[in-house]
Amino acid sequence: MPPQAALVNLSPAELSFLRSTLSQTPPLRLDVTKGPRDFRSMRAEYDVLPSANGSARIALEDGTEALVGVKAEVEKTPQTPVLGEQDDVDMSNGDEHSDGKGQGQNAWVQVGVDVPGFRDDDALPVFLASMLAESLLASGELKDRLYINRRFHWKLYIDILLLSPPLSYPLGLLSMTTHLALLTTHIPSLKSEKDEDPLFDDDWDAASPLYPKSTSKSSARDKPPVIILAIAVGPNIIFDPAKEELAVADAVLAIACTTSSSSSTGAKIVSIRTIDPPSHLTPPAVPNSMNSATGGTAPDSSAQALTMREMLATSGVWTPPRGGMKRGLVSQVTKMVVEKGGVAEEIIGALAGIETG
Amino acid sequence: MPLDTSTYSLALLRLDGRRWNELRRTHAQISTQAAADGSSYLEMGNTKILCSVTGPHEGRASGQRGGANGRAKMEVEINSAAFSGTDRRKIGRGDKRTSEMEHCLREAFGGVVLAHLYPHSTITINLNILSQDGSLLAACINAATLALVDAGIPMTDYLVACTAASSASASAADNASADDPLLDLNALEEQELPFLTVGCLGDSDKVAVCVLETRVRMERVEGMLAVGIEGCKRIKGILDDVVKGYGKRFG
């Protein structure tokens, strides 16, 4: 995982203070009004672009703002030559391929992330785009819905624009905006049948949502995944970290979840990844015992410096965390996310509330 | 030609139902983004622009931090979203049309902003085109003006812009009223008619920007310019109301 480029300008003493406030129980966050599970407040709107199939904009209170436009275009499916007997293109009444189950391809969904100040091929946008694409494609249901017939399919372009400079790690914001945009994406309804050249209804009111609303109350509606960022600081788990909080994190987890229809939990995990915390790149503090100006002895070699640092682990002198996360902590985070009334359910519910309310 | 505007002479109504001298619905907001020094959002019909201004600030570490002669350096970046048009099209950094627009904005605002007050510093204007439907350059100029006002950067006057076209065609020569110049074009009209973008300083008749890329008969230019300048005055009124309306919230 590539480390983050933007770093906070905090001194080792400030980092140490921040870390100790975050690791006490209960943790005291940078914004003291927030608990460990609270997200930053946001303003969200959808259907903001007239020329896109679906769009959404979310602005966080700190000024970070993202805009997502989803566009669907019809594309010809390349016909791969197969050996042996071939079944002809189907214009008759057979209905074996009508639902598109298992027909989708990953290449039909393309995610592009544009972050101001970064080139398109820089590590951060590329990494963010692949993370988002991975979570979208994980369930396999989305790409199957893009199937039109054996000769044509929809190509879904998801273009994500970060309108402000990335003040904090933007993955959570981008994912929530994409979620809202996909939730409101409509594709024109098909009028042609079977393997004919596709012809669409030009009435937008007849367009069908990409993520159809559930007909019955009992089964939860299938929804696009949301990526939730969580950091571990000491024994504490903190969600939706600010930039400064990321700078002292022991480990960062990105958990993509979606609503579950069957299981007893509130949500199900689609994918999970660790992200290299930017705290690795913070400068370590020099303790008095290693500083000859304050009566200590400066280490002669780097090996000696390492052993001296090893002994300072609990002294409160800032040493960048070496990464790694206890297995128990990972399971604790996932449990907090997926349980009934957990973080995932809360977020997905809140975003659904924007669309319906 | 994708479509025909020759129907204009029949009812003197344009494709979207406007008269020759009507602007599209123009709506603007300022201070839309908390993280920027100044920001604005402008809609001219279906053309939607988001603009943010950073600065005056110390420029990037490499190269010259400010402009020459103790003046601030203007930087303009235009980013056109891939979903902005009818078909999805990704426009790269080095696109010629975009860099030409950037240059035009840089030159135009270089003359309006009191850059000598900020030596050794840079003013960056970032424009995001969210949706395009004609009058792109004009909308960019208007959005940038609002964002600069929001950033509190001193300027001599508003720089407002508008497009105007000549609807005259050989076939409509017998109908004198059918060769009206048209104000504020949308994308379809832009594709078909010769048009110019004119930018004025506030309510005055001083033209700061004039871009004419299509062929047009000489005697038509004057009429187009006159209508364009008239349109600029109306847009100035709209932008002024936006700024004053925003100021009232703090009054």
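Colleague: What makes strand 10 and strand 11 of chain A a pair, and in which sense do they run?

Modeller: First the ground rules: this is a predicted model, where local features need pLDDT of at least 70, side-chain atom pairs count only at pLDDT 80 or more, and totals for chains, interfaces and linings use all residues. Residues are numbered from 1 along each chain as its sequence is written, chains are lettered from A and ligands numbered from 1 in the order in which they are written, and side-chain values use heavy atoms, with hydrogens and water left out. Now, two strands pair if DSSP finds at least two bridges between them. Strand 10 and strand 11 (residues 267-275) of chain A have eight, in the antiparallel sense, so they count as a pair. In that pairing, A:I255 sits opposite A:I272 of strand 11 of chain A. Strands here are DSSP E runs of at least two residues, helices H or I runs of at least four, numbered from the N terminus.

Colleague: What does strand 8 of chain A do with strand 10 of chain A?

Modeller: Strand 8 (residues 226-233) of chain A pairs with strand 10 of chain A too, antiparallel over seven bridges. There A:A230 has A:L253 as its bridge partner.

Colleague: Why is strand 10 of chain A called largely enclosed?

Modeller: Buried means under 20% relative accessible area, exposed over 50%, partly exposed in between (1.4 Å probe, protein chains only). Nine of the nine residues of strand 10 (251-259) of chain A are buried, so the rest of the structure largely encloses it.

Colleague: What makes A:R29 and A:E245 a salt bridge?

Modeller: The term asks for a side-chain nitrogen of Lys or Arg within 4 Å of a carboxyl oxygen of Asp or Glu. For A:R29 and A:E245 the closest N and O atoms are 3.0 Å apart, so the pair qualifies. The two residues are 216 apart in the chain. A:R29 has 2% relative accessibility, so it counts as buried, and A:E245, at 1%, is buried as well.

Colleague: And how exposed is A:E339, which bridges to A:R37?

Modeller: A:E339 has a relative accessible area of 28%, so it is partly exposed. A:R37 is also partly exposed, at 25%. Their N to O distance is 3.9 Å.

Colleague: Which salt bridge crosses between chain A and chain B?

Modeller: The rule finds one across that interface: A:D159 with B:R88, at 2.9 Å between the closest N and O atoms.
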